[in-house]
Amino acid sequence: MKIYLYPYEGLLKASKDVEVFDDALKKTCNDMLSLMYEATGVGLAAPQVGLNKRIIVIDPIHPDSGKDPKPQIFINPKIVKASSDTIKREEGCLSFPGLGVDIERPCEVEVEFQDETGKKHKNKYDGLMGRCIQHEIDHLNGVVFIDHLSKLKKDLAVKKFAKILRKWEEE
């Protein structure tokens, strides 16, 4: 399992619902968590690893922080309510390493989802967790974070990211 970088076409397609809740799904979720921690991320969506499935894993507590990790798995998540209050913060993405841009998002969201056993849940999220879940659900819908920018700012971000990739290839 590896993380695909933009403009990988799988990042730009809507994902399909998970219908089978079995040991293979649990293994996929655990593998995604391991890869997310290895890449020092706080969230990872299945399209980022080449899977067209509605699976995201999130842990806003980095393992190197000295705090106990709190990994969370969301299967078939959907935002059912979003606050009208918004906040703009810098975001990054494991599919855009080295790129950070300011994105405005609702301060709080209510999300319906299933866990890896298929059990249904509904919770509210705010702060970093709320931002992470919105970012990762976007991935499941074929939306990348730079899609929230104006055309001009998105074009600049794409050029900046291409420059970052070229620099890494030269090293």
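**Note on the predicted model: fold, cores, ring pairs and backbone**

1. Of the contacts in the chain with a separation of 6 or more, 64% join residues 24 or more positions apart. Keep in mind that this is a predicted model.

2. **Fold order.** The chain has 3 helices and 7 strands. Along the sequence they run α-β-β-β-β-β-β-β-α-α. The radius of gyration is 16 Å, close to the 16 Å from the globule rule for 171 residues, so the chain is as compact as a globular protein of that length.

3. **Extent and surface.** The C-alpha trace spans about 45 × 40 × 35 Å along its principal axes. Buried residues account for 42% of the 171 residues. The accessible surface is about 9600 Å². Carbon and sulfur atoms hold 49% of that surface.

4. **Main core.** Which residues have the most contacts inside the largest nonpolar core? They are M32, L44, I55, V57 and I75, in a core of 17 residues. Helix α1, strand β2 (55–58) and strand β3 each give at least two residues to this core. Helix α1 has the largest share, with 7 residues.

5. **M32 and its partners.** Set aside the neighbours within four places in sequence. M32 then touches M1, L44, A45, A46, V49, I55 and V57. Among these partners, L44, I55 and V57 are also listed with M32 as residues with the most contacts inside the largest core.

6. **Second core.** A separate core has 15 residues. Its members include L11, A157, F161 and I164.

7. **Ring pair F74–Y125.** The structure holds 6 aromatic pairs. In one of them, F74 and Y125, the ring centres are 5.8 Å apart and the planes stand at 75°, so the pair is edge-to-face. This pair bridges distant parts of the chain: F74 sits in strand β3 and Y125 in strand β7 (residues 120–126), 51 residues apart. Both F74 and Y125 are buried.

8. **Ring pair F96–F145.** Here the centres of F96 and F145 lie 5.1 Å apart and the planes are at 70°, so this pair is edge-to-face. F96 belongs to the loop between β4 (86–91) and β5 (101–106). F145 belongs to the loop between α2 (127–140) and α3 (151–170). The two are 49 residues apart, and the pair links distant parts of the chain. F96 is buried, as is F145.

9. **Ring cluster.** Which residues do ring pairs link into a cluster? They are Y6, F96, F145 and F161. Of these, F161 is also included in the second core.

10. **Cis bond at P7.** The peptide bond from Y6 to P7 is cis, with omega near 15°. P7 lies in the segment before α1 (23–38).

11. **Positive phi.** Two residues deserve a look here. T40 is not a glycine, yet its phi is positive, near 55°. T40 is placed in the loop between α1 and β1 (43–45). N76 is not a glycine either, and its phi is about 50°. N76 is found in strand β3 (residues 72–82). Is N76 buried or exposed? Its relative accessibility is 11%, under the 20% limit, so N76 counts as buried.

Key. Residues are numbered from 1 along each chain as its sequence is written. This is a predicted model: local features need pLDDT of at least 70, side-chain atom pairs count only at pLDDT 80 or more; totals for chains, interfaces and linings use all residues. Side-chain values use heavy atoms; hydrogens and water are left out. Helices (H or I, at least four residues) and strands (E, at least two) are DSSP runs, numbered from the N terminus. Buried means under 20% relative accessible area, exposed over 50%, partly exposed in between (1.4 Å probe, protein chains only). A nonpolar core is a set of buried Ala, Val, Leu, Ile, Met, Phe, Trp, Tyr and Cys residues joined through side-chain atoms within 4.5 Å. Contact means heavy atoms within 4.5 Å. Rings of Phe, Tyr and Trp (its six-membered ring) pair if their centres lie within 6.5 Å; planes under 30 degrees apart count as stacked, over 60 as edge-to-face and the rest as tilted. The radius of gyration is taken over C-alpha atoms; the globule rule is 2.2 Å times the number of residues to the power 0.38. Accessible areas come from the Shrake-Rupley method with a 1.4 Å probe; for residues, only the protein chains shown count as cover.
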